[in-house]
Amino acid sequence: MRPVCLETPIPPEAMAGLHVGDFLEISGVIYAGRDAVLPKIVAMSDAELAARGIDLEGSVIFHTAVSVAGVGPTTSSKIEIEESIAPLSARGVRIHLGKGRLKADSIRALHAHASLFAVTTPSTALLTDRILATEIAAFPELGMEALYRLRVDRIPAVVAIFHGESIFEQQAQRG
Amino acid sequence: MGISSEKLREATAEALVRAGSSFTPGLRAAYARALEVETDERSLWAMRQFLENADVAERRTLPLCDDTGIPHVLLEVGELAEFGGAHLGAITEGIAEGLKRLPGRPMAVLGDEVQRIEQSQGLSLHSEDVIPPAFSVKRIPGDRVRITVLLLGGGPEIRAKTYRIFHKHRLETVVDEVAQWGIEAVRELGCTPAVVAVGLGRTHFEATSLMLEAMARGDLERQTPLEQQITEKINAGGSGPLGLGGRVSVLATLVNIGPQRASGVRIASVRTCCGIEPRRATVEVG
């Protein structure tokens, strides 16, 4: 199956034809954050985000640290990360990129806001040449756990949760 | 002639970099076996990504994963070796040097006890500040020192479990319980296919030590019937790589059974290592 190429900001019409199990390649500017910073982003007002040049409409948030070691997905079901999925979807984040199964509440919240959850492998070495630029977007004091703005080229992923369906639940039912 | 601290330091640093940037031949062989039996398109994609990533990491000496892990050391000291505190210091320095070279992720949490728990004072900017826990030490024949460096990522630590099993004097009871923990872990882990490391001992400490030794010494190419049985039971759950479905949730199992207590209880430590683990490398100095 050929991957669907997506460029940020992702317009609603680009999301409409996607389904659970689709291969994606994501390019453009995305945000990277995890446990420490995502609750802080959720707590910020639109004006505070705008003051830092952060626009969540049509955006992608990659659940990863950013460091000299590179990037790679962290477990998205960690409480502070998973709790950010519903409020950030409501504010325009269209793709949450990470790894691992999510709870039923998150599946419902993603569905309500027409956002999706995609997973990728921990391919840090492979991604090295696909991260074209990195800069801190907010909370530099958090070091590798700050919110980063990344310019990326064809980050590979698979749609795991969308339209109220979860690939993980499908496997659990079969198992 | 005694063991050179400088050689120990350099060998340890080299081992850490190798552990963090390459697959062992055993892990490659386990993937090759898995690719032969897997038919699911997404599962195949995920496993090929793991392998392609390992190729790039090895060729360019890059970290396999941005979570470069917490370094653990299994130290085996020859009974005829002259080995002392200065040598322990050299190994510790070698770990720090290896983290600088890899480079390791700068993820040491700053502050006093409370601040470290609450992560309120930020992180060190230095890779080498991620210090290893106490070394595991064993005696071996000869006059050499063998150092195994393991890098333990955070995802598997969320799912790992050390707990008691009422065995009812049947191995099958223990196998079923361990497999059930494994099934639950691979459903949640995210970075599968996994290698399941199992330690069975008398105490939580001993079981965990045995599990670490299984990661360090276990043979991914020659699986025992017991290890195959656990692998097959977990794979029957159908989670597959990344939880996307398929036949291979687990590449292999590594079991290490130690002394047991006269009791109806066994203590099991089960760690579902992610698809780039065990990240291990061994060097000998003497």
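Student: What is the strand order of the open sheet of 4 strands in chain B?

Tutor: This is a predicted model, where local features need pLDDT of at least 70, side-chain atom pairs count only at pLDDT 80 or more, and totals for chains, interfaces and linings use all residues. Residues are numbered from 1 along each chain as its sequence is written, with chains lettered from A and ligands numbered from 1 in the order in which they are written. Strands here are DSSP E runs of at least two residues, helices H or I runs of at least four, numbered from the N terminus, and two strands pair if DSSP finds at least two bridges between them. The pairing in this chain B sheet is mixed, and the order is β2-β1-β3-β8.

Student: Why is one side of β2 and of β8 of chain B left without a neighbour in the sheet?

Tutor: Look at β2 (136-140) and β8 (279-285) of chain B, which stand at the edges. One side of each is left without a neighbour because each has a single partner strand.

Student: Which residue in β8(B) is the bridge partner of B:Arg146?

Tutor: Start with β3 (residues 145-152) of chain B, which pairs with β8(B) in the antiparallel sense over 7 bridges. In β8(B), the partner of B:Arg146 is B:Glu284.

Student: Which element gives the most to the side of chain A that touches chain B?

Tutor: Counting contacts as C-beta atoms, placed from the backbone, within 7 Å, 37 residues of chain A meet 44 residues of chain B. Elements giving two or more residues to that side of chain A are α6 (124-127), β7 (147-162) and α7 (167-174) of chain A. With 6 residues, the one that gives the most is α7(A).

Methods. Contact = placed C-beta atoms within 7 Å.
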